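This report walks through a single protein chain, from its overall make-up to a few individual residues. Please keep the sequence and the model in view while reading.

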Amino acid sequence: MYLFDGGELAPEAVEDIRPQAEELKSVAFVAPSEVADRTIPRLARRILAAIDARAASAPVYLEHGQAPSDVAA
């Protein structure tokens, strides 16, 4: 089984993931600590904020991946 924040995926389900060649090079499940190393900063901020929002079961409003009261990058 592959664990991710949304539950578990069977290996067959992971094998069925077919990224669009013109959009994605690959699909990988990574720990939140690896997100910043694998994508651009503003996307990493959005992904990490989404993980936090899911854990808190609460929506968040972001501008450029940051809360509006934060300093925009």
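Against which element do the buried residues of α3 pack? The buried residues of α3 pack against α2, where buried means under 20% relative accessible area, exposed over 50%, and partly exposed in between, with a 1.4 Å probe and protein chains only. The model is a predicted one, in which local features need pLDDT of at least 70 and side-chain atom pairs count only at pLDDT 80 or more, while totals for chains, interfaces and linings use all residues. Residues are numbered from 1 along each chain as its sequence is written, and side-chain values use heavy atoms, with hydrogens and water left out.

**Overall make-up**

The chain contains three helices and two strands, and from the N terminus its elements follow the order β-β-α-α-α; helices (H or I, at least four residues) and strands (E, at least two) are DSSP runs numbered from the N terminus. Of its 73 residues, 10% count as buried. The accessible surface, computed by the Shrake-Rupley method with a 1.4 Å probe and, for residues, with only the protein chains shown as cover, comes to about 5900 Å², and 55% of this belongs to carbon and sulfur atoms. Among contacts (heavy atoms within 4.5 Å) with a separation of 6 or more, 10% are accounted for by residues 24 or more positions apart.

**Helix α3 and its surroundings**

Helix α3 covers residues 41-56, and its 16 residues reach 22 Å from the first C-alpha to the last, close to the 22 Å expected at 1.5 Å a residue; the expected span is 1.5 Å times one less than the number of residues. Within α3, the residues A44, A49 and A53 are buried. On the side of α2, P32 lies in that helix and, leaving aside neighbours within four places in sequence, is in contact with L48 and I51. The C-alpha atoms of P32 and I47, which are 15 residues apart along the chain, are separated by 8.5 Å. Helix α3 is followed by S57, which has a positive phi of about 55 degrees although it is not a glycine.

**Salt bridge and nonpolar patch**

A search of the whole structure finds one salt bridge, a term that stands for a side-chain nitrogen of Lys or Arg within 4 Å of a carboxyl oxygen of Asp or Glu. This salt bridge joins E34 and R38, whose closest N and O atoms are 3.6 Å apart. Because E34 and R38 are four residues apart in helix α2 (residues 32-38), they are separated by about one helical turn.

A nonpolar surface patch of about 310 Å² is made by I17, L24, V27 and F29. Patches are made of residues with over 30% relative accessible area and no salt bridge, like charges being joined within 9 Å and nonpolar side chains (Val, Leu, Ile, Met, Phe, Trp, Tyr) within 5 Å.

| Residue | Relative accessibility | Class |
|---|---|---|
| E34 | 33% | partly exposed |
| R38 | 54% | exposed |
| V27 | 42% | partly exposed |
| P32 | 44% | partly exposed |
| S57 | 69% | exposed |
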